[in-house]
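Reader: I would like a close look at a single part of this model. Please take one chain by itself, then its contact with its partner.

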Amino acid sequence: MGLDADAVLTRHGRDRTRLLDMLWDIQRAWGHLPEDVVAGIAEGLGTTANDIRETASFYHFFHTTPGGRYRIYLADTVVARMRGYDEVRARLEQETGATFGGPPDPTGSFSLLDTPCVGLSDQEPAMLVDSVVFTRLRPGKVADIIAQLRAGATPEEVANPAGLPHDDVAYVDHLVETNVRTKGPVFFRYPTDYRSLIRDCLVLTPEQINERISESGLRGRGGAGFSTGLKWQLCRSARGERKHVICNADEGEPGTFKDRVLLTRSPKQVFAGMVIAAYAIGASNGIVYLRAEYSYLIDYLQRQLDEMRADGLLGPAMMGRKGFDFDIRLQVGGGSYVCGEESALIESCEGHRGTPRLKPPFPAQRGFLGEPTCIDNVESFATIARILEEGPEWFRAMGTADSAGTRLLSVAGDCSRPGIYEVEWGTTLSAVLELVGAQDPMAVQVAGPSGECVSVAADGARQIAFEDLACNGAFTVYGAQRDLLGIVREHLKFFVDESCGICVPCRVGNTELLRGVDRVMAGHAAHADLDEMVRWSQIIRGASRCGLGATSPKPFLSTLQRFPDIYRSRFRTPHGVMLASYDLDEALAGYDAAMRELEEDVS
Amino acid sequence: MTPDGAARVHASHELPATPPPAQTVEARAGKIPIATISLCGCWGCTLSILDLDERIIPLLDAVTITRSSLTDIKRISGRCAVGFVEGGVANEENIETLEHFREHCDVLISVGACSIWGGIPSLRNTVGLAACLREAYLDSPTRVPGSPPIIPRHEEIPRLTTTVRPCHEVVHMDYFISGCPPDGDAVFSVLSDLAAGRPVNLPTAITRFD
C-alpha cells in the first residue's frame, strides 16, 4: 500500500506516454486505481482524471474499483473447454465463494474474472492469480491453490515454493512449459554468439542489410505477411529526426504461444534482430511491447537486456560505433487483443487507449510519437538474426515461391504432442497433422479465430503458405467429437469482447453475428438468417478500420463454407410469413410474466 | 352475439360498409392499389404522407389508396401492390396485422424509426415490461387519487409483447424509409418510383439528417 501519485510520477519522469507503467504501479500498490491517486496523476500530467480513466478503462487488467485481495483470471478458451475448463471453473467458485464476473467473496479474498487466451493453449486450463500463472489446472489442484492462499501464502509463494529468482529462466520454466518439438533450421538450433553476429552486421552498411533482408524474401510473421525488406526501406527513407523499432510481443491471437516460447528460449535472438533493424533503418529507440499476460517474463527479459548492455550490445555508441545509439525498453500492455494491431499497439505505447489508427500514414512513415517506426513481430526479429547469420540465399532456398523460410506453429487441441513446431512454408496440412499426432481430426483452426477453420477431409493437401493457407502461427486441432458451432460462438464472442468499439461495422456487426449464431443454436434460424449473416460479414470486413473487423467474421464464414451442415441441421421451417427467427412464444410470454410479478400490487 | 351471450366486439374491417358507386370502382380499375397501416408508433409518419401536399393529386391518377392509417381499417380486401407500415411491433395485434399485410402486399415498406428499429416505444425494452406497466398504471403521477390499482387485462385487449421489435424481425420487409418521421419527399420519391415501375432510389440527401 501507500504509493502516492507523486512517487509514481517521479519514477516515470512525469511522461504522459508512460501512463500504462504508472497505472500498473498504482494497481500493484493499491489493488486497484484509487480515485485520489488517479486525480494526483492527472494533475501531475496536466490533464484530467477522466483522461486517465479513459485510457485505464480500455484494458482488461486495470480496475477502478477494489476487488478481492487476489484477482483470479481463468482463461476461457476453446482448448481449455476441451480440457476440463467447466469443472475447474465450478471448483474455483466453490472454493473461493466468489462468482465469475461478480463481486469478491464475503471475506474479500478473491475476485473471479474471465479472460481470453493467455498464450498457454498447450497446457490448459490455465489461470493468472494477479500476475502469477498456473497451468494444467484440475479441480483438485485448484482447491489446493486456494487453500494455500487462504492460509496466507502469496500466489508467488504457491507457484514458486523453491524461491527461484525471477530473472532466471528456471523460474519461467517452473511456471510454464515451453514444449519445443523441433530444432532448427531457424529456431532453437544452437546458441548463437550474438556479439560476433552484431559485429559482423555493423561492418555492412545499412543499405546492404536492407538488401539482404529484401533478398531473403522475408514476410512479416505477425500474420499480414508484408515484405519486411520493403517496410524497412520505407522506414529508412522516411524523414524523421528520431526513429523507433518496436517488437510486437502482444501475442493475443487465441491459440498462439510461439512468441512466448521464443522470448523464453531465444530472447537475445529476438533482441539481436531488433538491433540489426535499428542499424538498418537508423533508429535509436527500441520498445518490446509485452502482453500483460506474460508478466512473469519481465524480470527474465530485463536481465537479458542488462546482459546485452553489459556486453556493449545495447546502449550508446554501440561496439564503439559513434552515432549508433540504441537501447530497448519493455512496455507491458494492459490486456487487450486489438493492441496486437500495430497502430493500436503504438497508441498503447503512447499511454492511450488501444484504438487503431487510420492508415495511411503507416507506422513506417509516422508511428510512435508521429515518428518513423519499424514494428515487427517477435518471430520476424528472431528470423532476421538468423538470416544475417546464414545469408539470404540460405533462407530463400526454404519454403515456397511466395513464402520464403519457415514458420513456427503453436500446436494445440486434439493431438498427442502439442507444442511448438518449425515447418517449412509449403508443408501440407496433412503432414503437420501427422507430425503432431492429431487424434481423429475433423477440422483445424489455422491462424486462430482470425484465420480459417479448414476441413481435414477437404483441405488436407493444402499448403501452409501465404499463397494458400496463410497462418500467423496458431494451429488448433479439433477432433471429430467437437461441437464446431459452439467453437464458432466462442470465437465470435471473443471478437465482440475485444472490438475497441471505435467503428460501427465492427462494434455492431460482430454483435449481430453472435446473435445470429445464437439463433441457429437455439433452432430459431432459417436460410434467410444465414444470408443476412453473410451480408453482415461483408459489411464488417469491408468497412471496419482495422484487421480485427477485417477478419472477425471468418469463424462464421469459413465454417459455413467447409461445414455447412452444422448450420443447416439446425434450421427451422418458418410457418407462414413469420420469420423463423421471431420467437412468438417468447414474445407473448412477457405479459403474463409481468402480470404475475405485479399480482400483489393490483386489485 | 357470441354463444355465451356476450356482445362480440367487431374489428373495424368487420363493420358494415357501403360499397362505393360503380363509377368510382371503374375509375380505380387499373390503378396500383396501395395500403398504409400504423402499428406501435405516433402516426407522425402518416402525417408525412399527407406532406405530399398537392403532389398527391397527380399521383392518385396512378395509385389508389385502399387502406390508410387514417381509417385504421386493419385488413386488406384483395391484394395490394405496396404496403407502408409505420410503427414497431409491441403487441399481439401488431403481429397479426403485420402478418396480414405481408400476406397481402407484394412490396412491404418499413416507414420511420419505430418500424425500422422500434423507436421510442422500444425504450421500454431497457426497463422490462413489469416495470413499464408499474410506471404507467400503478405509480403514474396522473393516476386518479384513491382509484384502485388496476392494470388492464382482458381477452379482448391484445397482450403486449415482451419487447418491442422492428417489423423486419417479424416478417420480411422489402424497403426502409428512414426518419422520425421521414420527409414527405422521401415518401413521394419511393411511391412515385414504385408507381412508375422504376427501381426505388432514395437519394441520401433526403434520408440523412445530420
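Author: Chain B exposes about 11,300 Å², and carbon and sulfur atoms supply 59% of that area; accessible areas come from the Shrake-Rupley method with a 1.4 Å probe, and for residues only the protein chains shown count as cover. The model is predicted, so to speak of local features takes pLDDT of at least 70, and side-chain atom pairs count only at pLDDT 80 or more, while totals for chains, interfaces and linings use all residues. Residues are numbered from 1 along each chain as its sequence is written, chains are lettered from A and ligands numbered from 1 in the order in which they are written, and side-chain values use heavy atoms, with hydrogens and water left out.

Of the 210 residues in chain B, 40% are buried, where buried means under 20% relative accessible area, exposed over 50%, and partly exposed in between (1.4 Å probe, protein chains only). The C-alpha atoms of the chain fill a box of roughly 55 × 50 × 30 Å, taken along the principal axes.

Chain B has seven helices and seven strands; helices (H or I, at least four residues) and strands (E, at least two) are DSSP runs, numbered from the N terminus. Read from the N terminus on, the order of elements is α-β-α-α-β-β-β-α-β-α-α-β-β-α.

As for charge, chain B carries 17 positive and 25 negative charges, whose mean positions are 3 Å apart. Lys and Arg count as positive and Asp and Glu as negative, without His and the chain ends; the place of a charge is taken as NZ of Lys, CZ of Arg, CG of Asp or CD of Glu.

Then there is the partner. In chain B, 27 residues are in contact with 21 residues of chain A. The size of an interface is often given as the accessible area lost when the parts come together. Here chain B and chain A bury about 2,200 Å² between them, with 63% of it on carbon and sulfur atoms; buried area is the accessible area (1.4 Å probe) that two parts lose on being put together, summed over both. Arg153(B), Arg159(B) and Thr162(B) supply 24% of the area that chain B buries against chain A, more than any other three residues.

Definitions and conventions: Contact means heavy atoms within 4.5 Å.
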